[in-house]
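Let's take a quick tour of this protein chain, one topic at a time.

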Amino acid sequence: RCESLIEVYFQLQQQVMAASTELGPELLPRLLERFNEVLTSLVKSSFLVEKQPPQVLKTQTKFQASVRFLLGPQLLKAVPKPYMVRADMVTEKQARELELSNYSNTLSESTGEILHNTVALETNPTSGTCCANFKNVLLKKIKRCERKGSESVTEEKCAVLFSTNVTLTPSNISIHLQVLSLPIVVIVHGNQDNNAKATVLWDNAFSDIERVPFVVAERVPWEKMCDTLNLKFMAEVQTTKGLLKEHYFFLAQKIFNDHSANPEDFQNRHVSWAQFNKEILPGRGFTFWQWFDGVLDLTKRCLKSYWSDRLIMGFISKQYVCKLLSMEPEGTFLLRFSDSEIGGITIAYVIRGKDGSSQVENIQPFSAKDLSIRSLGDRIRDLGQLRNLYPNSPKDQAFGSHYNSEWGGLG
């Protein structure tokens with residue numbers, strides 16, 4: 001514990017002072033200077049962000065954050081009035097300069113205007129913590145910096161720098177405390193939210209713990225991407241049912257635009273940031289992430305219980321659906337996420353001609369708005385041509401618990 005280290009420090013310092021005559025006039029100052037360096041380093045490392053600001057931050061929107069000074073209750077006991085902590089926006093370049101200086105430099109200029117950005121660092125006698133709680137902060141505006149090449153504003157990373165000056169008793173050493181938040185993408189409009197979330201997800205998932213701010217790999221192993229998509233899906237939808245191997249295969253075919261490879265072929269591939277959220281999918285008007293995020297949003301809002309009951313195959317191509325259903329009895333159906341629309345789910349089902357030939361039909365995708373009017377379960381109950389959920393579950397048995405009253409509601 002930091003408190004124990006501080007006690008050891010002061011005990012050692014007292015022992016050194018007691019032995020000052022034996023140490024001599026040359027060694028004593030050097031030892032005391034070294035003690036101060038150790039103390040400063042320990043104190044600086046105990047200043048932490050306890051509650052991070054939102055990593056996608058919209059201007060003119062209030063947000064909260066808090067910092068904690070672990071050694072505050074011990075070192076700031078005799079302070080007549082609380083020290084003030086300041087919050088400033090910094091660019092990636094400024095964050096890098098601060099990191100390279102080991103936070104010994106101070107910020108020359110904030111990159112954005114934050115209102116209510118100064119808060120007292122106070123000790124709570126009940127909990128024994130020393131914190132500055134920013135409860136009503138507002139980023140009024142942001143000063144954009146020059147971007148590299150084709151970089152968009154939603155790829156630009158900033159951070160909030162929290163800083164204060166404290167004087168420690170009894171040693172009377174003045175120390176400048178600074179700590180950076182996690183990377184933040186600042187947006188000015190809600191339509192930028194999707195792309196900003198992609199930048200944050202990539203940074204959180206694939207950056208090294210020890211790094212120069214905010215360097216992150218441009219290409220990552222596909223297996224790591226699978227883990228990331230799975231964790232994101234389960235966290236957003238709040239389900240324990242994650243993605244399956246066949247889902248990863250479909251997603252790999254989609255992101256790599258490769259329909260000839262086997263599942264094993266993708267295991268050693270790397271996926272790039274451009275493939276994730278810069279390049280438009282072939283024949284579509286959106287990126288892989290924009291499509292996947294639409295699926296996340298739809299499932300979270302309308303399909304959580306269906307997904308958790310494994311009633312939705314979801315991540316499967318139209319071509320593979322035809323292969324699966326073509327030999328099945330008439331009325332066999334399955335649910336898949338739309339390829340052509342963001343945030344849509346469609347029902348594919350088998351019909352048979354008089355000659356016995358089969359045909360797979362796809363119902364127009366349902367959006368979150370559609371499913372808020374009438375739930376998926378009730379829509380399936382309404383459609384008489386649907387009989388068995390693939391491979392062989394009668395629809396009333398599979399979806400009965402999801403049927404609502406006659407006029408439905410949210411799924």
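This is a predicted model: local features need pLDDT of at least 70, side-chain atom pairs count only at pLDDT 80 or more; totals for chains, interfaces and linings use all residues.

Helix H5 (residues 193–206) packs against helix H9 at an angle of about 100 degrees, and their axes are 10 Å apart.

- Angles of 65 to 115 degrees count as roughly perpendicular, so H5 is roughly perpendicular to H9.
- On the H5 side, the contact is made by Asn194, Asn195, Lys197, Ala198 and Leu201.
- On the H9 side, Trp289, Gln290 and Asp293 do the touching.
- If you're wondering how to describe such a pair, the angle between the axes and the distance between the axes are what's used for two packed helices.

**The nonpolar cores**

- The largest nonpolar core has 56 residues, and Trp222, Phe276 and Phe315 touch the most other members.
- Helix H9 (residues 288–308) turns up again here: it gives the most to this core, with eleven residues.
- Zoom in on Phe276, and you'll find it touching Ala198, Leu201 and Trp202, along with Met225, Leu229, Ile255, Thr287, Phe288 and Trp289, leaving aside residues up to four places away in sequence.
- There's also a second, separate core of 38 residues, with Leu42, Leu71, Phe162 and Ile184 among them.

**A tucked-in proline**

- Look for Pro53 in the loop between strand S1 (47–51) and strand S2 (56–58).
- Pro53 has a relative accessibility of 3%, and the cut-off for buried is under 20%, so Pro53 counts as buried.
- Leaving out residues up to four places away in sequence, Pro53 touches Phe63, Gln64, Ala65, Val160, Phe162, Ser181 and Ile184.
- Ser181 sits 128 residues from Pro53 along the chain, yet their C-alpha atoms are separated by 7.2 Å.

- Strand S13 (residues 332–337) is mostly covered, with six of its six residues buried.
- Thr332, Leu334 and Arg336 point one way from S13, while Phe333, Leu335 and Phe337 point the other way.
- S13 pairs with strand S14 (residues 345–352) in the antiparallel sense, over five bridges; here Arg336 stands opposite Thr346.
- S13 also pairs with strand S16 (residues 388–389), this time in the parallel sense and over two bridges; look for Phe333 opposite Leu389.

Terms used: Residues are numbered from 1 along each chain as its sequence is written. Side-chain values use heavy atoms; hydrogens and water are left out. Buried means under 20% relative accessible area, exposed over 50%, partly exposed in between (1.4 Å probe, protein chains only). Helices (H or I, at least four residues) and strands (E, at least two) are DSSP runs, numbered from the N terminus. Two strands pair if DSSP finds at least two bridges between them. A nonpolar core is a set of buried Ala, Val, Leu, Ile, Met, Phe, Trp, Tyr and Cys residues joined through side-chain atoms within 4.5 Å. Contact means heavy atoms within 4.5 Å. Axes are lines fitted to C-alpha atoms, for helices over the stretch in contact, and angles run from 0 to 180 degrees between N-to-C directions. Angles under 35 degrees count as roughly parallel, over 145 as roughly antiparallel, 65 to 115 as roughly perpendicular and the rest as oblique.
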